[in-house]
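Me: I have a model open and I'd like to learn how to read its features. Can you walk me through them?

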Amino acid sequence: MNTLPKTHHLIIFHEVVRCGSIRAAARSLGITQPSVTKTVHAIEHYFGLDLIIRNNNGIELTEAGKLLLPHSRTVLKDLTQTVNDMRRLLNDPVNEIAFGFSSLIAFTAIPDIIQQFNCLYPTARVTIQEAQLSTLLPALREGRLDFAIGTVTPEMPVQNMTVHPLFDAEFAYISSQDHPLAACETLNALQHARWVLPRTDMGYYQALSELLENNVVNTDRVVRTDSVITIFNLVAHAGFITVLANAMSTPFDGCQFTEVPIREMLPRARYALVYSRNRRLNPGAEALISIIRNYNWSLFPGLCKA
């Protein structure tokens, strides 16, 4: 391998994976199907490995293809940023920012933050993903996100990340007002309740699951989802109990939600802004990070500066 792969080969490989078939990728790129097939064969020949397997349902990645995909995404994102930086020198600024956060940010500061950012970069293209930080970390490492905001705990694998603490958040047990267990004062009394919680395998909600298990709560009855709308509907209409940050309670007030007065206090969650140390941020992302770090999070109930 005396030369590097051609950029358009990576672009076509990435599009085949995104579209799920050679034919769909050709249609998306506006080129012929044989051209796409020839390019895929060329990059497979370069590496000496099969990258995709074609079947009746489209394509399936081989182990080599799965290994190449995140690296190709990183290369293409870095190249796109380089092109944008060069355009900026020609007074044609193009800023693309992609970031993620957990639902608490969406319910509190994000409208104000985006408005402030738009004043600085009115033509920027912004992409937002809502999920728990544990779900967002792979996208950070692969370069699909510039940064993310979420709960950080000591065991989370953020060794190669820059971590800026933002605020601590208080949490509460929440049910509908007419829930038969709404007045319970101990977790033990909720051991047979149905729970709905965010989906994660680390961080604050993982620690919460351990707390529930230690208090004889049947965690087999837990529904996990990153959809706040689903959580909302299950609590409001299906008799589920959840855990929400106090700062998220206001939007739910009109739906007759109530805090269950459990004596076992929930631990506070520490929220932080996280980004990779190995990637260079573009000016738009740096500006947005500055707005977030300087934001007055104490404007919202139950949030205090970390």
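Me: Let's begin with surface charge. Which residues form a negative surface patch here?
Reply: Keep in mind that this is a predicted model. The negative patch is made by E155, E210, E213 and D220. Take E213 as an example: you'll find E213 in helix 8, which covers residues 204–214. Its relative accessible area is 46%, so E213 is partly exposed.

Me: Next, aromatic pairs. How do I read one?
Reply: Two things describe a pair of aromatic rings: how far apart the centres are and the angle between the planes. The count in this model is nine aromatic pairs. For Y46 and F47, the ring centres are 4.9 Å apart and the planes sit at 90 degrees, so call that pair edge-to-face. Y46 is partly exposed because its relative accessibility is 21%, and F47 is partly exposed too, at 28%.

Me: And what does the pair F167 and Y271 look like?
Reply: The centres of the F167 and Y271 rings are 4.9 Å apart, but the planes are at 15 degrees, so this pair is stacked. It links distant parts of the chain: F167 is in strand 6 (residues 161–169) and Y271 is in strand 12 (residues 269–276), 104 residues apart.

Me: Are F167 and Y271 buried or exposed?
Reply: Buried means under 20% relative accessible area. F167 has 0% relative accessibility, so it counts as buried, and Y271, at 3%, counts as buried as well. Ring pairs also join F167 and Y271 with Y295 and W297 in a cluster.

Me: Let me step back to the whole chain. How many helices and strands are there in the protein chain?
Reply: You'll count ten helices and 13 strands. Along the principal axes, the C-alpha atoms fill a box of roughly 70 × 50 × 35 Å. The protein chain has 306 residues, and 48% of them count as buried.

Me: Now salt bridges. What's the idea?
Reply: Side chains of opposite charge can pair when their charged atoms come close. The count here is ten salt bridges. One of them joins R18 and E15, with the closest N and O atoms 2.6 Å apart. Both residues lie in helix 1 (residues 7–19), three residues apart, which is about one turn of the helix. R18 counts as exposed because its relative accessibility is 55%, while E15 counts as buried because its value is 11%.

Me: Which parts of the chain does the salt bridge of E96 and R125 tie together?
Reply: The E96 and R125 side chains meet at 2.7 Å, N to O. E96 is in strand 3 (residues 96–101) and R125 is in strand 4 (residues 125–130), so the bridge ties together parts 29 residues apart in sequence. E96 is partly exposed at 31% relative accessible area, and R125 is partly exposed at 46%.

Me: What about a salt bridge between loops?
Reply: Look at R263 and E185, whose closest N and O atoms are 3.0 Å apart. R263 lies in the loop between strand 11 (257–259) and strand 12, and E185 in the loop between strand 7 (171–176) and strand 8 (194–197), so the pair ties together parts 78 residues apart in sequence. R263 counts as exposed, with 55% relative accessibility, whereas E185 is partly exposed, at 43%.

Terms used: Residues are numbered from 1 along each chain as its sequence is written. This is a predicted model: local features need pLDDT of at least 70, side-chain atom pairs count only at pLDDT 80 or more; totals for chains, interfaces and linings use all residues. Side-chain values use heavy atoms; hydrogens and water are left out. Patches are made of residues with over 30% relative accessible area and no salt bridge: like charges are joined within 9 Å, nonpolar side chains (Val, Leu, Ile, Met, Phe, Trp, Tyr) within 5 Å. Accessible areas come from the Shrake-Rupley method with a 1.4 Å probe; for residues, only the protein chains shown count as cover. A salt bridge is a side-chain nitrogen of Lys or Arg within 4 Å of a carboxyl oxygen of Asp or Glu. Lys and Arg count as positive and Asp and Glu as negative; His and the chain ends are not counted. The place of a charge is taken as NZ of Lys, CZ of Arg, CG of Asp or CD of Glu. Helices (H or I, at least four residues) and strands (E, at least two) are DSSP runs, numbered from the N terminus. Buried means under 20% relative accessible area, exposed over 50%, partly exposed in between (1.4 Å probe, protein chains only). Rings of Phe, Tyr and Trp (its six-membered ring) pair if their centres lie within 6.5 Å; planes under 30 degrees apart count as stacked, over 60 as edge-to-face and the rest as tilted.
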